[in-house]
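Hi,

Here is the structure I promised to pass on to you. My notes on its salt bridges and on one strand residue follow below it.

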Amino acid sequence: MKFGHQHPYGVVRREFLQVGFSGFVGLGLSGLLAARARGNEEGSPSRKARGVILIFQTGGPSHHETFDPKPEAPAEIRGEYGTIPTSVPGIHFAEHMPRLAERADRLAVVRTMSHKHNNHLNATHWVMTGQEQPGAFFDKVASRGDYPCYASAMSYLRPRADGLPGGVMLPTYLMEGPLTWPGQHAGFLGPKYDPWQLTQDPNRDDFKVENLALPEGFSVERLGGRRALAEVLARETEIWQAKAEAESFSKQREQAYTMLQRGQVGRAFDLTEEPDHLRDRYGRHMFGQSLLLARRLIEAEIPIVQVNLGRVQTWDSHADIFRRLREDLLPPTDQGVSALLDDLQSRGLLDETLVVLAGEFGRTPKLSMLPGQTMVGRDHWPQVFSAAFAGAGVTGGQVIGRSDKSGAYPATMAFTPADLAATIYRALGISGEAEVVDMLGRPIRLVTGSPIEPLYTGAAV
């Protein structure tokens, strides 16, 4: 297995600061501002949402056992679960999501999400950024050559005068062993635009606001080919940039803690302000309390909150799939997401908050057993999977798209992670023409897909 990251520009661990390098290649401040303005130009879609909550099922949930059951298929495809009717006549979910089934009138389920990457890291980058990972190969770890996540793009295109970030990710950081999942940071925009990262379980009794930590940058492995870098920058410049980057982190951290110590954002992390009965409704577990915290952060004007439902590969059900989903994963998800929808609606926030529930891909249509395992499961399957949407103008009570009879491929129009990204950005008022600037000073189109229009029109596809 290969873990090394082959950066196309030969950049080592201390990578270029975006502004400094832009100046080196001749892109001045006016160019940067002009590119940024394209993301807010006149004629771009009006802002429909005050915020987005992206609920990420890391590892890839099975669409067969959630939103796209196949009750008429053979047992090796159908699986063990039955189906249940929802609040919308004609729409059925898998049986272990009763609360979400009751709230199907608020949900729009897209059953034809699709892409081509069956590796967790590559697929996660695509779903979290809307772009394919540059130079993607099996288990390609995070680097500063990656595309920015949604929160980072917001920080870049819509910088805030109050110093708050474009987004917060919680309650886990997606990393395992030598593998750091891409798509969690600002990529080539640089650490200045990284989202805040919370790495503590909000359900713990000792959970405190002080546990918010800004990452110290990402471990980008040192590459062998230093010659290209040496030809571009002298050693003195590299040292200066490393110092500037460290100072940037110091200022960012100081600013972060200043914001946390006062005002609405600081209070948002204090879950003890919530009544016990509401916390109980969300569930006294990591999933539930993280979703409650997400609602509080949206109220505190954080535009994008990503809630990871588990640590890396939590939903990666290669074996023992039915017990794990039934006992460990679906009940807290069903409880927490349902409570979030109810809570947002009761506060008048659902109409202005886009809620997205998705993983990086689905699972294979046919059950199998890997060597050395004793229980069946489903392997990675990006060809078709489901995502659920609610709020911010989404027309609930509908299913968009249809997979084939075995849940293997789209039978109707497919939607890609690029379309998901276009939907998220448009909900926040970011133009489809928005551009960011990469490390070489080149303008890069942020949105390459198209918004999923049936979410809002209700027109079947």
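R281 is partly exposed, with a relative accessible area of 40%. Its side chain meets that of D342 in a salt bridge, at 3.8 Å from N to O. Because R281 sits in helix α10 (residues 276–282) and D342 in helix α12 (residues 321–346), this pair ties together parts that lie 61 residues apart in sequence. D342 has a relative accessible area of 17%, so D342 counts as buried, the cut-off being under 20%. Please bear in mind that this is a predicted model.

The neighbouring topic is D343, which forms a salt bridge with R295, their closest N and O atoms being 2.8 Å apart. D343 is in helix α12 and R295 in helix α11 (residues 286–299), so here the linked parts are 48 residues apart in sequence. D343 is buried at 3% relative accessibility, and R295 is buried at 1%. Both residues belong to a network of salt bridges that also takes in R267, E273, E274, R296, E299 and R347.

In total, the structure holds 33 salt bridges. Another one joins D68 and K70, with 3.4 Å between the closest N and O atoms; D68 and K70 are both buried.

Finally, which residues does V356 touch, leaving aside those up to four places away in sequence? They are I53, L54, I55, A388, F389 and L420. V356 is found in strand β11 (residues 353–358) and is buried, with a relative accessible area of 0%. Its C-alpha atom is separated by 8.2 Å from that of F56, 300 residues apart along the chain.

Best wishes

Technical notes
Residues are numbered from 1 along each chain as its sequence is written. This is a predicted model: local features need pLDDT of at least 70, side-chain atom pairs count only at pLDDT 80 or more; totals for chains, interfaces and linings use all residues. Side-chain values use heavy atoms; hydrogens and water are left out. Helices (H or I, at least four residues) and strands (E, at least two) are DSSP runs, numbered from the N terminus. Buried means under 20% relative accessible area, exposed over 50%, partly exposed in between (1.4 Å probe, protein chains only). Contact means heavy atoms within 4.5 Å. A salt bridge is a side-chain nitrogen of Lys or Arg within 4 Å of a carboxyl oxygen of Asp or Glu.
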